[in-house]
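Hello,

Here is the structure I promised to pass on to you. Please have a look at it first, and then read my notes below.

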Amino acid sequence: MQLDLDTKVIVLVAGLLLLWALGLGVIKYHQMSTSPDGTAHRYVDIAHRAALMYSFAALVLAVLAQFSAWSVTVDLIAASVVLVFFVAAVVSYTVHGFRRDTENQFVDPVPGTHLFMVSLIVAEIGGTAVLVAGFAWEQFGRS
């Protein structure tokens, strides 16, 4: 079976997120092995875990898109919105982890942090809802 373009793109991003997570795991290990208390910076740990979880979440998005009633374009846009915010979140965590500039990004947040979080919430839930609706319509709605 040939995958649609939307599914190919989403699976590729899932693979890249997984590779990123594995690289962050190496950095996490290095920080743990060189730290006096045996721990990595909190945000390196968060970035590692988030990238792992997002890589698998992206695979769920790929399946929803592949079996959706919506067009490849609609599914690709919906998934891309979600994936952009997945990547942006991991970038943010990675930067904080490398800079070691905070233990909690919501204590003294930089301007735009809360706007970014509201945008992330709307985009991730909205994009995923579009894909779930397309999947549900295709799989259960058509007679």
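**The nonpolar patch**

With 6 residues, helix H1 is the element that gives the most to the nonpolar patch. Please keep in mind throughout that this is a predicted model. The patch lies on the surface and is formed by Val11, Leu12, Leu16, Leu18, Leu19, Leu22, Phe56 and Leu59. Together these residues have about 740 Å² of accessible area. Two helices, H1 (5–34) and H2 (42–66), each supply at least two residues of the patch.

Is leucine 16 exposed or only partly exposed? Its relative accessibility is 49%, so it counts as partly exposed, since exposed means over 50%.

**The largest pocket**

Next, please turn to the largest pocket, which holds about 330 Å³ of space. Its lining is made up of 20 residues. If you want to centre your view, Ser92, His96, Gln105, Val110 and Thr113 are the ones that lie nearest the middle of the pocket. Which elements give two or more residues to this lining? They are helix H3 (72–99) and helix H4 (113–141). H3 provides the largest share, with 5 residues.

Sorted by class, the lining of this pocket has 11 nonpolar residues, 7 polar ones and 2 charged ones.

The last thing I would like to show you is in the backbone. As you know, most residues other than glycine have a negative phi. Two residues in the loop between H3 and H4 are worth a look with that in mind.

- Arginine 100 is not a glycine, yet it has a positive phi of about 55°. This arginine sits in the loop between H3 and H4.
- With a relative accessible area of 70%, aspartate 108 is exposed.

I hope you enjoy looking through it!

Best wishes

Notes: Residues are numbered from 1 along each chain as its sequence is written. This is a predicted model: local features need pLDDT of at least 70, side-chain atom pairs count only at pLDDT 80 or more; totals for chains, interfaces and linings use all residues. Side-chain values use heavy atoms; hydrogens and water are left out. On a 1 Å grid over the protein atoms alone, a cavity is a set of points where a 1.4 Å probe fits but cannot get out, and a pocket is an open set with protein on both sides within 12 Å along at least five of seven lines; lining residues have an atom within 4 Å of a point. Grid points are joined across faces, edges and corners, and a volume is the space filled by probe spheres set on the points. Helices (H or I, at least four residues) and strands (E, at least two) are DSSP runs, numbered from the N terminus. Ala, Val, Leu, Ile, Met, Phe, Trp, Tyr, Cys and Pro count as nonpolar, Asp, Glu, Lys and Arg as charged, and the others, Gly among them, as polar. Buried means under 20% relative accessible area, exposed over 50%, partly exposed in between (1.4 Å probe, protein chains only). Patches are made of residues with over 30% relative accessible area and no salt bridge: like charges are joined within 9 Å, nonpolar side chains (Val, Leu, Ile, Met, Phe, Trp, Tyr) within 5 Å. Accessible areas come from the Shrake-Rupley method with a 1.4 Å probe; for residues, only the protein chains shown count as cover. A salt bridge is a side-chain nitrogen of Lys or Arg within 4 Å of a carboxyl oxygen of Asp or Glu.
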